[in-house]
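These are my notebook entries on a structure that I am reading for the first time.

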Amino acid sequence: MKIRDLFFSFAGTIIRVAILIIAVFVVIQAGKKAYDFGYRIFTEEPMSAAPGRDVTVTVTSGDSESDIAKMLEEKGLIRDALLFRIQKKLSIYKKAVAPGSYELNTSMNTEEMLEVLVGPVDSDGSEDADDVEGDGVDALDPSVDDMTGLETGGVLAEEEGNYDEGAAFVEEDESAEGEEGAEESESEE
């Protein structure tokens, strides 16, 4: 009986160790795949070297980001549709792709393709200044003033007034410190 119990105990230990080794192997492999995918998000190379080949892509009004990414993958412009979608979400190109025909090249990287598909934007993610009509405060929609209760024309004037008052306040504090210092020296005598 003791030999039998010893055998089952030994077999149970071997099975537990084997399961632990398999679990560690799976975690390591999953970690490698996750790292490789994350690395590719920021370093994905174009499909081919310059000059590449031109490919016309037609986007219709019903196409989702997923549909567009699959189309680009099928046409040989990108390697992985999911990777492209994540790259778009992490990029400065937040606008949706407008319907139309676009000329892309297999030597373009993801950022270059997105610039063609979405249009140029500044580094902060806003539309390129050349594409936006108006400038500065005058270009604001009047409804913004209604929603906030602020008038854009008066903000700068008020700030200048606050600055002058603040400067006077600082001067008053300095003169107050001077008076306190004089009072302290009188009390010490």
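I began with a rule for accessibility: buried means under 20% relative accessible area, exposed over 50% and partly exposed in between, with a 1.4 Å probe and protein chains only. What I have is a predicted model, in which local features need pLDDT of at least 70 and side-chain atom pairs count only at pLDDT 80 or more, while totals for chains, interfaces and linings use all residues. Residues are numbered from 1 along each chain as its sequence is written, and side-chain values use heavy atoms, with hydrogens and water left out.

**Entry: a buried residue.** I looked up isoleucine 68, which is found in helix H2, and because its relative accessibility is 4%, it counts as buried. Taking contact to mean heavy atoms within 4.5 Å, I found that isoleucine 68 touches Val59, Asp63 and Val97, once residues up to four places away in sequence are not counted. Isoleucine 68 and valine 97 stand 29 residues apart in sequence, and their C-alpha atoms are 8.7 Å apart in space.

**Entry: the chain as a whole.** Helices (H or I, at least four residues) and strands (E, at least two) are DSSP runs numbered from the N terminus. On that basis I noted six helices and two strands in the protein chain, in the order α-β-α-α-β-α-α-α along the sequence. The protein chain has 189 residues, of which 18% count as buried. Among its contacts with a separation of 6 or more, 59% come from residues 24 or more positions apart.

**Entry: H1 against H3.** I took axes as lines fitted to C-alpha atoms, for helices over the stretch in contact, with angles from 0 to 180 degrees between N-to-C directions. The axes of H1 and helix H3 (residues 81-90) come within 10 Å and cross at roughly 60 degrees. Angles under 35 degrees count as roughly parallel, over 145 as roughly antiparallel, 65 to 115 as roughly perpendicular and the rest as oblique, and H1 and H3 are therefore oblique to each other. From H1 the contact draws on Phe37, Arg40, Ile41 and Phe42, and from H3 on Leu82, Leu83, Ile86, Gln87 and Leu90.

**Entry: H2 against H3.** For helix H2 (residues 65-74) and H3, I read axes that come within 8 Å and cross at roughly 125 degrees, which makes H2 oblique to H3. Here Glu65, Ser66, Ala69, Lys70, Leu72 and Glu73 in H2 meet Ala81, Phe84, Arg85, Lys88 and Lys89 in H3.

**Entry: aromatic rings.** Rings of Phe, Tyr and Trp (its six-membered ring) pair if their centres lie within 6.5 Å, and planes under 30 degrees apart count as stacked, over 60 as edge-to-face and the rest as tilted. My search of the whole structure gave two aromatic pairs. One of them joins tyrosine 35 and tyrosine 39, stacked at 6.1 Å centre to centre with 20 degrees between the planes. Both tyrosine 35 and tyrosine 39 lie in helix H1 (residues 2-43), four residues apart, about one turn of the helix. Tyrosine 35 counts as exposed because its relative accessibility is 55%, whereas tyrosine 39, at 49%, is partly exposed.

**Entry: a peptide bond.** Most peptide bonds are trans. I noted that the bond from alanine 50 to proline 51 is cis, with omega near 10 degrees, and that proline 51 has its place in the loop between H1 and strand E1 (54-59).
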